[in-house]
Protein chains: 2
Amino acid sequence: MILIDGKKVSSDIKSELKEEISALYNKTGKSPGLVVIIVGNNPASEVYVRNKHKACGEVGINSTVLNLPEETTQGELLQKISEFNADPNIHGILVQLPLPKQIEESAVIRAIDPGKDVDGFHPYTVGELVIGDPKFQPCTPAGIVELLKRYDIDPSGRHVVIVGRSNIVGKPAALLLMQKKKFANAIVTVCHSAAKDISVFTKQADILIAAMGVPKFIKKEMVKPGVVVIDVGTNRIEDATTKSGYRLVGDVDFEEVSTVASYITPVPGGVGPMTIAMLLKNTVKSFKETIRND
Amino acid sequence: MILIDGKKVSSDIKSELKEEISALYNKTGKSPGLVVIIVGNNPASEVYVRNKHKACGEVGINSTVLNLPEETTQGELLQKISEFNADPNIHGILVQLPLPKQIEESAVIRAIDPGKDVDGFHPYTVGELVIGDPKFQPCTPAGIVELLKRYDIDPSGRHVVIVGRSNIVGKPAALLLMQKKKFANAIVTVCHSAAKDISVFTKQADILIAAMGVPKFIKKEMVKPGVVVIDVGTNRIEDATTKSGYRLVGDVDFEEVSTVASYITPVPGGVGPMTIAMLLKNTVKSFKETIRND
């Protein structure tokens, strides 16, 4: 069994980006800029935003964190987005979800210029993903494909089974992996809670992507020996032995399944770090296109 | 075995739309308007456009067919689209594909106002389809779901296997059918030419959608008894006994597979007539929204 080390891959990507950004700076005197907007004081969101900010600093992306108060109106937020849409020094705009109740998420996502949609959630970006050539790939699914690439696991012609159909992971991962392209071209099944017996599907997987948000749901008897397991789950479960009183586990029962899998991602340290790496990559991509168009 | 009669269902839908359009006219004095643009003289396209125009006339949609010469430039076509985008009497714009070589299809599709994108091919519309609530569903996949509805075949919890991953049928049909919604909520597999043995997947189908464009590809031994078969293929094969010298066949070997299927669509007369019916439905939907916003 080979452990897919997302932390290592993410760190490699960051080194590559750092070099690229530095070379571009030497040539143009410019750096990529990302703004992350957070509304209110959700503690989990604050951790995510801090991690993104820190990662930007590591690679040389100018990152601005805009903290707006909990009571911000939708109109105020849209106004800010419109200012960032117009700002030539900002190449990526990310609004940290969830948002307070008075703000409609879908309206906010649609307000971001698709040319700066580094999260890949705008319907226009998602549509381009279906058609096959998006400017920005959604970060988590792109991170999964990148892990497969770096471990030379080619999904072409293989059966990828995805458990979960979220807009953030399940559906876009399916779309990425079924395209007639390199490191894609897979037969893809999307299964979910409506299945009478989900193990009928998971047992067929050459590559299993678990993304339904149920702690340790995938057990050994639900997979076939030699399966490649990508665990997108990050569930907090109580654990009195830790300082925080909880620990993170995936949607896969790692202890059991790792005994039969050929490759498996741990939680934490698997897909998680890749999401930020791909966000940085998207921001640099956006930056490079503005340079090219200058 | 029950034959799914797309011609009958399409005709029912047209009668319903005719009544609805007439009632709306009596209330508002207005009728829906569709423009169909055709560039050049592709004989197959001319037949399609004529059929659409005729169907519009049957239900009371004002339909304009704009025939542009083969040598039309992309700029000229985009100019026309921009005029129709601005025209309040036009509720749907359809550009018949394929287009001559000098015109880039993707640029043309993107130029159509997503609010008038009754074909459902604009990336914004496609993205909304992924997320789950598109203004316009792409016509052929929507026609498939409508056939299932009218024959009371609920895909919820069942395994839908789609052969083919085109942007027009395979991918959007998968997206429609996997949503957590009524007459959807299926476990969906998209398979295609990269599969070593495609029958491994087709044999599992509770509902099989054949949309790869290979005449009579699906044979009896590739399906399980009782399968529901939706055949999207329309392939011309030579037939000296017909006046035209050819006849239409589907991607399914109808003679063989109809002996084991529980439901099956014929070709012609199955999915084909539904595509136009859904185009009319989308046009009426667009019209109704403009009335509501008046």
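**Exercise 1. Determine how many residues of chain B are in contact with chain A, and which elements supply them.**

Solution. 
Step 1. Count the contacts in this predicted model. On chain B, 24 residues are in contact with 24 residues of chain A.
Step 2. Assign them to elements. Those giving two or more residues to the side of chain B that touches chain A are α5 (123–131), α7 and β6 (187–191) of chain B.
Step 3. The side of chain B that touches chain A holds 13 nonpolar, seven polar and four charged residues.

**Exercise 2. Describe how strand β6 of chain A is joined to β6(B).**

Solution. 
Step 1. Take β6 of chain A, residues 187–191; three bridges join this strand to β6(B).
Step 2. Read the direction. The two strands run antiparallel.
Step 3. Find a facing pair. A:Thr189 stands opposite B:Thr189.

**Exercise 3. Work out which relation links chain B to chain A, and through what surface the copies meet.**

Solution. 
Step 1. Superpose chain B on chain A. A rotation of 180° with 0.0 Å of shift along its axis does this, at an RMSD of 0.0 Å.
Step 2. Name the relation: that of a two-fold axis.
Step 3. Compare the interfaces. 100% of the interface residues of chain B are also interface residues in chain A, so the copies meet through the same surface.

**Exercise 4. Decide whether the residues of helix α7 of chain B are buried or exposed.**

Solution. 
Step 1. Apply the cut-off: a buried residue has 20 or more other C-beta atoms within 10 Å of its own.
Step 2. Go through α7(B). The buried residues include B:Gly170, B:Lys171, B:Pro172 and B:Met178.
Step 3. Conclude. Nine of the nine residues of this helix (residues 170–178) are buried, so α7 of chain B is largely enclosed by the rest of the structure.

Terms used: Residues are numbered from 1 along each chain as its sequence is written. Chains are lettered from A and ligands numbered from 1 in the order in which they are written. This is a predicted model: local features need pLDDT of at least 70, side-chain atom pairs count only at pLDDT 80 or more; totals for chains, interfaces and linings use all residues. A residue is buried if 20 or more other C-beta atoms lie within 10 Å of its own, exposed if 12 or fewer, and partly exposed in between; C-beta atoms are placed from the backbone. Helices (H or I, at least four residues) and strands (E, at least two) are DSSP runs, numbered from the N terminus. Two residues are in contact if their C-beta atoms, placed from the backbone, lie within 7 Å. Ala, Val, Leu, Ile, Met, Phe, Trp, Tyr, Cys and Pro count as nonpolar, Asp, Glu, Lys and Arg as charged, and the others, Gly among them, as polar. Two strands pair if DSSP finds at least two bridges between them. Copies are superposed by least squares on the C-alpha atoms of residues with pLDDT of at least 70 in both.
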